[in-house]
Amino acid sequence: MGTLPFNPICQNCGKIGTTHAYEWDSKRELVKYRCEPDMVSWAKGCGHEGEVSPYSGGGKLPWKVEWAAKWPTVGVVCELAGKDHFTKGGSRSIAVAISVEVLDFPPPFPSTPKDTGRGYEFFTVGGKKMSTSKGTGMGFAEMTDYLPADMLRYLLVRTRPKAKVDFDPLDDNDMILLYDRYDTTQRIYHGKESVSEREFEQEKRIYEFSAIEKMEKKMPPQISLTYAATVIQIYRDVKKAAKILQKTGHLPKNIPSNDLDYVSKRLEFAKQWVEKFASDRYKFELQEKPRVKVEAGVRKVMKVLAVKLERDGLKEDKLLNLIYDLCKDNDVKTREFFRSMYNILINKDYGPRLVPFILSIGKKRIAKILREV
Ligand SMILES: [Zn+2]
């Protein structure tokens, strides 16, 4: 008894996995089948024997056959899929054989009648294949919880079709680089960075294909992932953090609401990144009271710095020069001073870039902390 490539729905019990189609009555155009009690381990058929027409929703084609059948039906000339389908004996190879030998239809690109061709490379997350059905790795929808959807699309669009993408959210560099590259592409798209015409055209297309919503006319304000993470860890609250960014001049005072939304989203994602994925290197907790003793020279620099910080109008570049000068005058190595600052502020030997960090915490607040050293 043969097996036909058709899975009838049992007219008695309604199951589809248990039926075995064994004969085609070409005159009456009916498929004969039996609902087998012992054919599969995961379901028990009812034993019913019947006949059903394959045309009226009485069953379905097995996946590999269905794939081939759709090509002449719809007139497919190009269709790609993951490379696992393209292996010997994989669904694509079978579909190509059926298409050529049974349906007499040339298979779509990249397959030819003689060659199955190659499928897409995998998109892996942290080295694991992305999957929702197998319970391993991470699903696509899940990924949009911690990466903005346009950035996820950007990651796929900018990769050459035959290159493997492995993205690991737990790898700081993967995450920071993705955000930075996306921001660069955004700047190029808006003409804020000069590149060759060829590069401009390429980046423009990548940016357009990555967009989920309508393209914005004006470039939104850019706050890097690491800086957003710094500010959100100081203030914890997205609204407060956005206010501080206005105060420090990273955002305009009269920010349009859509720009504010854009920045708020980034702060939100930065918060998630810090909480779920970032390594300790990017995490900190601001210490309101200095608990670490510092060396006399360093202490002296801190005291003078505290006084200077209370005066208004000390800008980012001036502040850095001031720190260098104070260290030099007091015979303190700047590296030593920076480390002591991080010791005091966040109880670590390193931290976010010091000057922007001081400004985002607030000069007065830093002065207050330093006066207690
Ligand atoms: Zn049945």
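Let's start with methionine 175, which sits in helix α5; helices here are DSSP runs of H or I with at least four residues, strands are E runs of at least two, and both are numbered from the N terminus. Before I go on, this is a predicted model, where local features need pLDDT of at least 70 and side-chain atom pairs count only at pLDDT 80 or more, while totals for chains, interfaces and linings use all residues. Residues are numbered from 1 along each chain as its sequence is written, and side-chain values use heavy atoms, with hydrogens and water left out.

So, is methionine 175 buried or exposed? At 1% relative accessibility, methionine 175 counts as buried; buried means under 20% relative accessible area, exposed over 50%, and partly exposed in between, with a 1.4 Å probe and protein chains only. Which residues does methionine 175 contact, leaving aside neighbours within four places in sequence? They are Tyr146, Leu147, Phe167, Pro169, Leu225, Trp273 and Phe277, where contact means heavy atoms within 4.5 Å.

Now the domains. The chain is divided into domain 1 (7–60), domain 2 (123–210), domain 3 (225–282) and domain 4 (296–371), with bounds from an automatic or database domain assignment. The C-alpha centres of domain 1 and domain 3 are 59 Å apart.

On to the largest pocket, which holds about 720 Å³ of space. Grid points are joined across faces, edges and corners, and the volume is the space filled by probe spheres set on the points.

Where does this pocket lie? Domain 2 and domain 3 both give residues to its lining, so the largest pocket lies between them. There are 27 lining residues, and Asp150, Glu213, Glu216, Tyr262 and Lys265 lie nearest the centre. Helices α4 (149–157), α5 (172–189), α6 (197–210) and α9 (257–277) each supply at least two lining residues, and the largest share, seven residues, comes from α9. By type, the lining divides into 13 nonpolar, four polar and 10 charged residues; nonpolar means Ala, Val, Leu, Ile, Met, Phe, Trp, Tyr, Cys and Pro, charged means Asp, Glu, Lys and Arg, and the others, Gly among them, are polar.

Staying with α4, its residues Met151, Leu152, Tyr154 and Leu155 are buried. They cover an arc of only 155° around the axis, which puts them on the same side of α4; the arc is that of the directions from the helix axis to the C-beta atoms.

Finally, some backbone geometry for you to look at. Most residues other than glycine have a negative phi, and most peptide bonds are trans. Phenylalanine 109 and proline 110 are joined by a cis peptide bond, with omega about 5°, and proline 110 is in the loop between α2 (91–101) and β6 (123–125). Aspartate 104 lies in the loop between α2 and β6, has a positive phi near 55°, and counts as exposed at 68% relative accessibility. Arginine 236, in the loop between α7 (225–235) and α8 (238–247), has a positive phi near 65°. Thanks, everyone!

Terms used. 1 Å grid on protein atoms, 1.4 Å probe; cavity = no way out; pocket = protein on both sides within 12 Å on 5 of 7 lines; lining within 4 Å.
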